[in-house]
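Thanks for asking me to look this one over. Here are my notes, point by point, to read with the model open beside you.

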Amino acid sequence: MKKIRIVSLLSLFIWIYSDLSVAASTHIVVIGHPGLPKLDVPTIQKLFTGRAVEINGRSVTVVNIAPNNTVRKVFLEKYLEQDEDKYLAYWTVRRFIGKGTPPKELVSSTEVVEYIQSHSDTIGYISVDDSKPGLNILSEM
Amino acid sequence: MRHLTATTFVLLTLATPPPAEAVEFLFSGYGTVSYALSDRPYAYQRSIDNHGTLLSDTTLGLQLDTRFSSNFSATLQGKVAPANDTEKQWDPKISWAFLSWQPANSWMLRAGKMRVPLYLNAENKDVGVTFDVARLPAEVYGIAPTSDFVGGSITKSWSREEGEWIVDAYWGQGNTDIRTYLRDGIPGTIAAGEHYAPVEIEARGLALTYHPKNNDTYRVGFHLATPKSANNTSWAYDVAEVPYNALLAPGVHYYTDSAPGIKRYNQVNMPILAFGTSLNLPEDYTLTAEYFHNWVQGEEALTVDGGYATLLKKIDKWSPYVTFAGLRSGSRLLKRYQTLNASSIPGLLPGATVINASQRALADAQTAFDQTSWTIGIAYAFSPVSKIKTEWTNVRVGEVPGFVDSPSGNGVSNQNVNLLTLSYSFAF
């Protein structure tokens, strides 16, 4: 019984540790439809918080990855300097003061890549591991 | 009619089929179930007494956002909440119906039915999960029964190295009902109890908000409300002392608001100055404070000042807080209430019953406030969209009843009212 408990605790530790290490080591690339320019972090922050809707006069649409995804979690930490709860709370207020709705959410990096490639003036993010040649990389962190 | 037109316009826009790929429908909703109980048999803020009520803050709302493109959208929000124009009933209504257009990063234009950005939480005051206190302080948020209007608003923002500046300007028209509670009524003329007068309000204003990089908030606003009687009645802001009958009872006087020389209005201008701040302090403390000052143009002595300060600490999912709030009308109005409340003629004189009742009715009709309150409370967030809260408030009612419905006889003054609130709020 004791052995089973130790094994369980060890598994839990390994699971938590691996999740943290994945989060820490994940590199994010912000990608955009061909033709969109490189972006700095403040601009990306504004785009994903609804405070900017255009780049150089071009209306753009941003897409998120759905919650409970490590790539989204790392993107929020690195680019927006907030966690899931703060981001959700921010959009809850913004939605109910009538100043916009959160970005469209896609399930995976693969879907994000497909969406960005098939829709003009769109911006999203993926893990660098899911990056492939030919993507328009706007920022990397 | 204006409301109907604006709502219809937005509904038609929602129903217009744009290119299928471009449009996106987003449903969301919010709700609060709130139970409030006081230690007094009389009602505070219309419905809270020692029997307890769900009618003070319980609200359910649904919102449909239609995103036509990244910079053009329509919002429709309906809610069920306690009615503004009757007691103990629920009122389903369209609270928001507007179109938003963001032609550039720093501009947002909206047209339709929306809410005046009067106070820090004015626009989201129905959405309990967006703040931690169980009840927004009545001394500020309880004054305006509604702040929805039909019109337009323009928002302009400036991003600077040190933070972001935002200016909101709006202009429009709304409807509301002004509530008066008469403890005794006037025999044969007007019944005791609550009375609602329909009012149209033209509202316009400017609010300047500054968010430094640390997410503090500073806001100053100047608003001008022009209430106008919607049923062709007029009202007075003054009373005059008139003799009862110089022959029958020399030296006996009483007060009336319909004597010659008293100005009557069917519309007035009411400027409002509002200041608000929310500061993120060390050790996860937050200090939120708001203050407003308003007056009636042409009757500048009739002023109201209100404000509060809330100190809150975040401890993981818990948010204990303490609030001090105050609301006070100008001294001239407070004195007038006391004069009218104490005014009476000898009961043996003909017509004394009606005249004495009219003195109390005139006193009750003065929209005067004088109260302070202390609140301690705590919120627990299951998640950012699910919160349970409770708070205890001690209201010190001063010289005038204010939010209290005085029972028959003498008006309530210089008493304490204790309130207990338990609420659960959610959004999805």
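1. A definition to begin with: helices here are DSSP runs of H or I with at least four residues, numbered from the N terminus. By that count, H2(A) is followed by A:Gly50, whose phi is positive, near 75 degrees. Please keep in mind throughout that this is a predicted model.

2. Staying with that helix, which residues of H2 of chain A are buried? In helix H2, which spans residues 41-48, they are A:Ile44, A:Gln45, A:Leu47 and A:Phe48. These residues cover an arc of only 165 degrees around the axis, which puts them on the same side of H2(A). In general, an α-helix has 3.6 residues a turn, so residues three or four places apart point the same way.

3. Now for chain A as a whole. Its secondary structure comes to 5 helices and 7 strands, and along the sequence they run α-β-α-β-β-β-α-α-β-α-β-β. Chain A has 141 residues, and 45% of them are buried. If you take the contacts in chain A between residues at least 6 apart in sequence, 71% join residues at least 24 apart.

4. Is A:Thr26 buried or exposed? The cut-off for buried is under 20% relative accessible area, so A:Thr26, at 9%, counts as buried. Beyond four places in sequence, A:Thr26 touches A:Thr70, A:Val74, A:Lys78 and A:Ser127. Between A:Thr26 and A:Val128 there are 7.4 Å in space, C-alpha to C-alpha, although the two are 102 residues apart in sequence.

5. On to the interface. How many residues does each chain bring to the contact? Chain A gives 24 residues and chain B gives 36 residues. The area buried between the two chains is about 2,300 Å², and carbon and sulfur atoms give 52% of that. On the chain A side, A:Val53, A:Phe96 and A:Lys99 supply 29% of the area that chain A buries against chain B, more than any other three residues.

6. Setting aside neighbours within four places in sequence, A:Arg95 is in contact with A:Gly100, A:Thr101 and A:Pro102, among others. From chain B, the contacts of A:Arg95 are B:Leu26, B:Phe27, B:Ser28, B:Gln63, B:Asp65 and B:Trp96.

7. The largest cavity has a volume of about 150 Å³. Of the 16 residues lining the largest cavity, the closest to its centre are B:Pro137, B:Ala138, B:Thr375, B:Glu391 and B:Thr393. Helix H2 (138-141) and strands E17 (318-329), E18 (370-383) and E19 (386-397) of chain B are the elements that give two or more residues to this lining. By class, the lining has 9 nonpolar, 4 polar and 3 charged residues.

8. Strand E19 of chain B also holds B:Ser386. At 11% relative accessibility, B:Ser386 counts as buried. Residues up to four places away in sequence left out, B:Ser386 touches B:Val129, B:Tyr380, B:Ala381, B:Tyr424, B:Ser425 and B:Phe426.

9. Two backbone angles in chain B may deserve a glance. Phi is positive at B:Arg46, near 75 degrees, in a residue other than glycine. B:Arg46 lies in the loop between strands E1 (24-38) and E2 (59-69) of chain B, and at 24% relative accessibility B:Arg46 counts as partly exposed. B:Asp284, another residue other than glycine, has a positive phi near 60 degrees. The loop between strands E14 (270-281) and E15 (285-296) of chain B holds B:Asp284, which is exposed, with a relative accessible area of 52%.

10. Lastly, B:Lys335. This lysine lies in helix H3 (residues 331-342) of chain B and is exposed, with a relative accessible area of 58%. B:Lys335 and B:Asn215 are 120 residues apart in sequence and 43 Å apart in space, C-alpha to C-alpha.

Notes: Residues numbered from 1 in each chain as written. Chains lettered and ligands numbered in written order. Predicted model: local features only at pLDDT ≥ 70, side-chain atom pairs only at ≥ 80, totals over all residues. Heavy atoms only, no water. 1 Å grid on protein atoms, 1.4 Å probe; cavity = no way out; pocket = protein on both sides within 12 Å on 5 of 7 lines; lining within 4 Å. Points joined across faces, edges and corners; volume = space filled by probe spheres on them. Nonpolar A, V, L, I, M, F, W, Y, C, P; charged D, E, K, R; others polar. Buried < 20%, exposed > 50% of the residue type's maximum accessible area, 1.4 Å probe, protein only. Arc of directions from axis to C-beta. Contact = heavy atoms within 4.5 Å. Buried area = accessible area lost by both parts, 1.4 Å probe.
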